[in-house]
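Dear colleague,

Please find below the structure that I am handing over to you. My notes on what was found in it follow directly after the display.

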Amino acid sequence: MTFAHSVHAEWIKLRSLRSTWYTLVCLFGVGLGITALAMNSAAKTYAEDPQAWDPTNRSLTAYIVAQLIIGVLGILVVTSEHATGLMQTSLIATPRRHRLLAAKVVVAVGVAVVAGQALMFGAFFLGQTVLAAQDLPHARFGDPGVLSAVTGGGLYLAAIALLAAGLGTLMRATAGALATLVGIVFLVPALAGLFPSWLRELFFYWPTLGASAILKTVPDPDFPHPWLNLAGMCAGVAVVLAVAFAVFRRRDV
(Lines give C-alpha, C1' and ligand atoms only; values in the text may rest on other atoms or scores of the structure.)
Protein backbone atom coordinates (compact mmCIF):
# COMPACT_ATOMS: atom_id res chain seq x y z
CA MET A 1 0.00 0.00 0.00
CA THR A 2 1.45 3.34 -1.03
CA PHE A 3 1.31 6.44 1.14
CA ALA A 4 -1.33 7.95 -1.17
CA HIS A 5 -3.49 4.86 -0.61
CA SER A 6 -3.02 5.23 3.15
CA VAL A 7 -4.12 8.87 3.02
CA HIS A 8 -7.15 7.96 0.92
CA ALA A 9 -8.09 5.20 3.36
CA GLU A 10 -7.83 7.59 6.32
CA TRP A 11 -9.98 10.15 4.51
CA ILE A 12 -12.65 7.49 3.92
CA LYS A 13 -12.55 6.57 7.61
CA LEU A 14 -12.86 10.19 8.73
CA ARG A 15 -15.67 11.17 6.40
CA SER A 16 -17.63 8.01 7.27
CA LEU A 17 -17.86 9.06 10.92
CA ARG A 18 -20.98 11.02 11.81
CA SER A 19 -19.01 12.72 14.56
CA THR A 20 -16.80 14.33 11.89
CA TRP A 21 -19.73 16.06 10.24
CA TYR A 22 -21.32 16.97 13.58
CA THR A 23 -18.04 18.57 14.61
CA LEU A 24 -17.75 20.56 11.38
CA VAL A 25 -21.36 21.75 11.62
CA CYS A 26 -20.70 22.78 15.22
CA LEU A 27 -17.50 24.56 14.15
CA PHE A 28 -19.29 26.80 11.65
CA GLY A 29 -22.51 27.17 13.61
CA VAL A 30 -20.82 28.15 16.87
CA GLY A 31 -18.04 30.12 15.17
CA LEU A 32 -20.31 32.31 13.08
CA GLY A 33 -22.79 32.61 15.94
CA ILE A 34 -20.09 33.94 18.25
CA THR A 35 -19.01 36.36 15.52
CA ALA A 36 -22.54 37.76 15.23
CA LEU A 37 -22.80 38.14 19.02
CA ALA A 38 -19.42 39.85 19.24
CA MET A 39 -20.42 42.35 16.57
CA ASN A 40 -23.68 43.24 18.30
CA SER A 41 -21.77 44.52 21.34
CA ALA A 42 -19.05 46.22 19.31
CA ALA A 43 -20.42 49.77 19.64
CA LYS A 44 -19.62 49.91 23.35
CA THR A 45 -16.09 48.61 22.80
CA TYR A 46 -15.44 51.17 20.08
CA ALA A 47 -16.77 54.02 22.23
CA GLU A 48 -14.48 53.08 25.12
CA ASP A 49 -11.23 53.17 23.12
CA PRO A 50 -11.47 54.21 19.44
CA GLN A 51 -7.66 54.28 19.07
CA ALA A 52 -7.34 50.56 19.84
CA TRP A 53 -10.28 49.59 17.63
CA ASP A 54 -9.44 46.56 15.48
CA PRO A 55 -12.52 45.52 13.49
CA THR A 56 -10.70 42.60 11.86
CA ASN A 57 -9.64 41.05 15.14
CA ARG A 58 -13.10 41.68 16.55
CA SER A 59 -14.66 39.59 13.79
CA LEU A 60 -12.16 36.76 14.32
CA THR A 61 -12.73 36.27 18.05
CA ALA A 62 -14.58 33.05 17.24
CA TYR A 63 -11.16 31.39 17.12
CA ILE A 64 -11.26 31.15 20.93
CA VAL A 65 -13.97 28.49 20.81
CA ALA A 66 -13.21 27.26 17.28
CA GLN A 67 -9.79 26.02 18.36
CA LEU A 68 -11.39 23.60 20.81
CA ILE A 69 -13.88 22.32 18.25
CA ILE A 70 -11.27 21.84 15.56
CA GLY A 71 -9.08 20.29 18.25
CA VAL A 72 -11.78 17.67 18.84
CA LEU A 73 -11.64 16.87 15.13
CA GLY A 74 -7.86 16.43 15.28
CA ILE A 75 -8.15 14.19 18.33
CA LEU A 76 -10.87 12.01 16.78
CA VAL A 77 -8.68 11.28 13.75
CA VAL A 78 -6.60 9.10 16.08
CA THR A 79 -8.69 8.22 19.13
CA SER A 80 -11.81 7.08 17.27
CA GLU A 81 -9.99 3.88 16.27
CA HIS A 82 -8.66 3.30 19.77
CA ALA A 83 -12.20 3.63 21.14
CA THR A 84 -13.63 1.04 18.73
CA GLY A 85 -10.64 -1.31 18.72
CA LEU A 86 -10.09 -0.82 14.98
CA MET A 87 -6.54 0.43 15.45
CA GLN A 88 -5.30 -3.17 15.37
CA THR A 89 -7.05 -3.70 12.02
CA SER A 90 -5.47 -0.53 10.64
CA LEU A 91 -2.04 -1.71 11.75
CA ILE A 92 -2.57 -5.03 10.02
CA ALA A 93 -3.49 -3.22 6.80
CA THR A 94 -0.62 -0.73 7.22
CA PRO A 95 2.17 -2.43 9.23
CA ARG A 96 4.46 0.57 8.90
CA ARG A 97 3.26 2.56 11.87
CA HIS A 98 4.92 5.82 10.86
CA ARG A 99 3.09 5.68 7.53
CA LEU A 100 -0.26 5.08 9.21
CA LEU A 101 0.15 7.98 11.63
CA ALA A 102 1.54 10.25 8.93
CA ALA A 103 -1.55 9.56 6.81
CA LYS A 104 -3.78 10.46 9.76
CA VAL A 105 -1.85 13.68 10.33
CA VAL A 106 -2.10 14.65 6.64
CA VAL A 107 -5.86 14.09 6.67
CA ALA A 108 -6.25 16.02 9.92
CA VAL A 109 -4.27 19.03 8.72
CA GLY A 110 -5.95 18.98 5.30
CA VAL A 111 -9.44 19.13 6.78
CA ALA A 112 -8.35 21.67 9.39
CA VAL A 113 -6.77 24.01 6.83
CA VAL A 114 -9.87 24.02 4.63
CA ALA A 115 -12.33 24.32 7.51
CA GLY A 116 -10.23 26.84 9.43
CA GLN A 117 -9.69 29.14 6.47
CA ALA A 118 -13.35 28.92 5.48
CA LEU A 119 -14.41 29.83 9.01
CA MET A 120 -12.00 32.77 9.26
CA PHE A 121 -13.05 34.20 5.90
CA GLY A 122 -16.72 33.67 6.72
CA ALA A 123 -16.33 35.28 10.14
CA PHE A 124 -14.50 38.26 8.69
CA PHE A 125 -17.09 39.02 6.02
CA LEU A 126 -20.00 38.44 8.43
CA GLY A 127 -18.42 40.62 11.09
CA GLN A 128 -17.64 43.51 8.76
CA THR A 129 -21.12 43.37 7.28
CA VAL A 130 -22.67 43.70 10.75
CA LEU A 131 -20.29 46.54 11.66
CA ALA A 132 -21.15 48.41 8.47
CA ALA A 133 -24.85 48.02 9.22
CA GLN A 134 -24.24 49.69 12.60
CA ASP A 135 -22.27 52.56 11.00
CA LEU A 136 -19.13 51.55 12.91
CA PRO A 137 -15.63 51.69 11.42
CA HIS A 138 -15.08 48.44 9.58
CA ALA A 139 -12.32 46.82 7.55
CA ARG A 140 -12.21 45.93 3.88
CA PHE A 141 -10.44 42.90 2.56
CA GLY A 142 -7.80 44.99 0.80
CA ASP A 143 -6.88 47.00 3.91
CA PRO A 144 -3.33 46.59 5.29
CA GLY A 145 -2.93 43.54 7.50
CA VAL A 146 -6.38 42.09 6.87
CA LEU A 147 -5.36 39.24 4.57
CA SER A 148 -2.48 38.39 6.89
CA ALA A 149 -4.76 38.24 9.94
CA VAL A 150 -7.47 36.17 8.25
CA THR A 151 -5.14 33.62 6.66
CA GLY A 152 -3.00 33.56 9.78
CA GLY A 153 -6.09 32.67 11.80
CA GLY A 154 -6.74 29.69 9.53
CA LEU A 155 -3.13 28.53 9.90
CA TYR A 156 -3.40 28.94 13.67
CA LEU A 157 -6.44 26.64 13.75
CA ALA A 158 -4.66 24.09 11.55
CA ALA A 159 -1.72 24.09 13.98
CA ILE A 160 -4.12 23.48 16.86
CA ALA A 161 -5.57 20.50 14.96
CA LEU A 162 -2.06 19.07 14.54
CA LEU A 163 -1.37 19.59 18.24
CA ALA A 164 -4.63 17.79 19.03
CA ALA A 165 -3.72 14.87 16.77
CA GLY A 166 -0.41 14.55 18.59
CA LEU A 167 -2.13 14.64 21.97
CA GLY A 168 -4.66 12.05 20.79
CA THR A 169 -1.82 9.75 19.76
CA LEU A 170 -0.11 10.11 23.12
CA MET A 171 -3.25 9.81 25.26
CA ARG A 172 -5.20 7.29 23.14
CA ALA A 173 -8.39 8.67 24.71
CA THR A 174 -10.58 11.55 23.52
CA ALA A 175 -11.38 12.84 27.01
CA GLY A 176 -7.77 12.87 28.19
CA ALA A 177 -6.47 14.53 25.03
CA LEU A 178 -9.23 17.18 25.09
CA ALA A 179 -8.59 17.93 28.78
CA THR A 180 -4.90 18.41 28.01
CA LEU A 181 -5.73 20.68 25.07
CA VAL A 182 -8.03 22.79 27.26
CA GLY A 183 -5.22 23.11 29.78
CA ILE A 184 -2.79 24.25 27.10
CA VAL A 185 -5.00 26.85 25.43
CA PHE A 186 -6.92 28.15 28.47
CA LEU A 187 -5.53 27.11 31.84
CA VAL A 188 -1.84 27.91 31.31
CA PRO A 189 -2.52 31.42 29.88
CA ALA A 190 -4.91 32.13 32.76
CA LEU A 191 -2.17 31.26 35.25
CA ALA A 192 0.62 32.98 33.31
CA GLY A 193 1.27 35.46 36.11
CA LEU A 194 2.14 32.65 38.52
CA PHE A 195 5.02 31.31 36.44
CA PRO A 196 8.63 32.35 37.14
CA SER A 197 10.06 35.00 34.84
CA TRP A 198 12.46 32.60 33.11
CA LEU A 199 9.48 30.56 31.88
CA ARG A 200 7.45 33.49 30.63
CA GLU A 201 9.47 33.74 27.42
CA LEU A 202 7.60 30.62 26.30
CA PHE A 203 4.39 32.65 26.25
CA PHE A 204 5.65 34.49 23.17
CA TYR A 205 4.91 31.26 21.29
CA TRP A 206 1.98 29.97 23.35
CA PRO A 207 -1.50 29.39 21.88
CA THR A 208 -4.02 32.13 22.80
CA LEU A 209 -1.11 34.37 23.85
CA GLY A 210 1.76 35.15 21.49
CA ALA A 211 0.63 32.93 18.60
CA SER A 212 -2.88 34.38 18.54
CA ALA A 213 -1.43 37.87 17.94
CA ILE A 214 -1.42 36.86 14.28
CA LEU A 215 -5.17 37.62 14.19
CA LYS A 216 -4.64 41.32 14.93
CA THR A 217 -4.12 44.20 12.52
CA VAL A 218 -3.37 46.76 15.24
CA PRO A 219 0.20 46.11 16.49
CA ASP A 220 0.40 44.57 19.95
CA PRO A 221 3.39 45.99 21.90
CA ASP A 222 3.62 42.76 23.89
CA PHE A 223 3.90 40.65 20.73
CA PRO A 224 5.39 42.85 17.98
CA HIS A 225 6.32 39.93 15.68
CA PRO A 226 3.16 37.81 15.34
CA TRP A 227 4.40 35.59 12.49
CA LEU A 228 7.49 34.74 14.54
CA ASN A 229 5.19 33.94 17.47
CA LEU A 230 3.11 31.64 15.27
CA ALA A 231 6.24 29.97 13.88
CA GLY A 232 7.43 29.30 17.42
CA MET A 233 4.08 27.70 18.25
CA CYS A 234 4.34 25.51 15.13
CA ALA A 235 7.82 24.43 16.23
CA GLY A 236 6.36 23.37 19.58
CA VAL A 237 3.61 21.44 17.80
CA ALA A 238 6.27 19.72 15.68
CA VAL A 239 8.02 18.57 18.85
CA VAL A 240 4.76 17.11 20.21
CA LEU A 241 4.19 15.31 16.91
CA ALA A 242 7.75 13.94 16.90
CA VAL A 243 7.22 12.51 20.38
CA ALA A 244 3.86 11.08 19.27
CA PHE A 245 5.48 9.33 16.30
CA ALA A 246 8.20 7.87 18.53
CA VAL A 247 5.69 6.59 21.09
CA PHE A 248 3.32 5.23 18.43
CA ARG A 249 6.10 3.19 16.81
CA ARG A 250 7.24 1.57 20.06
CA ARG A 251 4.13 0.62 21.98
CA ASP A 252 1.91 -2.38 21.29
CA VAL A 253 -1.13 -0.55 19.85
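In these notes, a helix is a DSSP run (H or I) of at least four residues, and helices are numbered from the N terminus. By that convention, helix H7 covers residues 97-133, and H7 is followed by Asp135, whose phi is positive, near 60°.

Please bear in mind that this is a predicted model. The mean pLDDT of the protein is 91, and 99% of the residues score at least 70. Confidence is highest in helix H8 (residues 146-171), with a mean of 96, and lowest in helix H6 (residues 87-93), with a mean of 81.

**Helix H7 and its contact with H10**

H7 is made up of 37 residues, and the distance from its first C-alpha to its last is 54 Å, close to the 54 Å expected at 1.5 Å a residue. H7 packs with helix H10 (residues 226-250) at an angle of about 140°, their axes being 9 Å apart. The two helices are therefore oblique, and their crossing is right-handed. On the H7 side the contact involves Arg97, His98, Leu100, Leu101, Ala102 and Val105, and on the H10 side Leu241, Ala244, Phe245, Phe248 and Arg249. Of these residues, eight are nonpolar, one is polar and two are charged.

Helix H5 (residues 63-84) packs with H8 at an angle of about 40°, and the axes of the two are 7 Å apart. H5 and H8 are therefore oblique to each other, in a right-handed crossing. H5 contributes Tyr63, Ala66, Gln67, Ile70, Gly71, Gly74, Ile75, Val78 and Thr79 to this contact, while H8 contributes Tyr156, Leu157, Ile160, Ala161, Ala164, Ala165, Gly168 and Thr169. Eleven of the residues in the contact of H5 with H8 are nonpolar, six are polar and none is charged.

How are H2 and H5 oriented to each other? Helix H2 (residues 18-40) packs with H5 at an angle of about 170°, with 9 Å between their axes. Angles over 145 degrees count as roughly antiparallel, and H2 and H5 are therefore roughly antiparallel to each other. Their contact draws on Ser19, Thr20, Thr23, Leu24, Cys26, Leu27, Val30 and Ile34 of H2, together with Val65, Ala66, Ile69, Ile70, Val72, Leu73 and Leu76 of H5. By class, twelve residues of this contact are nonpolar, three are polar and none is charged.

With kind regards

Conventions: Residues are numbered from 1 along each chain as its sequence is written. This is a predicted model: local features need pLDDT of at least 70, side-chain atom pairs count only at pLDDT 80 or more; totals for chains, interfaces and linings use all residues. Side-chain values use heavy atoms; hydrogens and water are left out. pLDDT is the predictor's confidence in each residue, from 0 to 100. Axes are lines fitted to C-alpha atoms, for helices over the stretch in contact, and angles run from 0 to 180 degrees between N-to-C directions. Angles under 35 degrees count as roughly parallel, over 145 as roughly antiparallel, 65 to 115 as roughly perpendicular and the rest as oblique. A crossing is left-handed if the near helix is turned anticlockwise from the far one by less than a right angle, and right-handed if clockwise. Contact means heavy atoms within 4.5 Å. Ala, Val, Leu, Ile, Met, Phe, Trp, Tyr, Cys and Pro count as nonpolar, Asp, Glu, Lys and Arg as charged, and the others, Gly among them, as polar. The expected span of a helix is 1.5 Å times one less than its number of residues.
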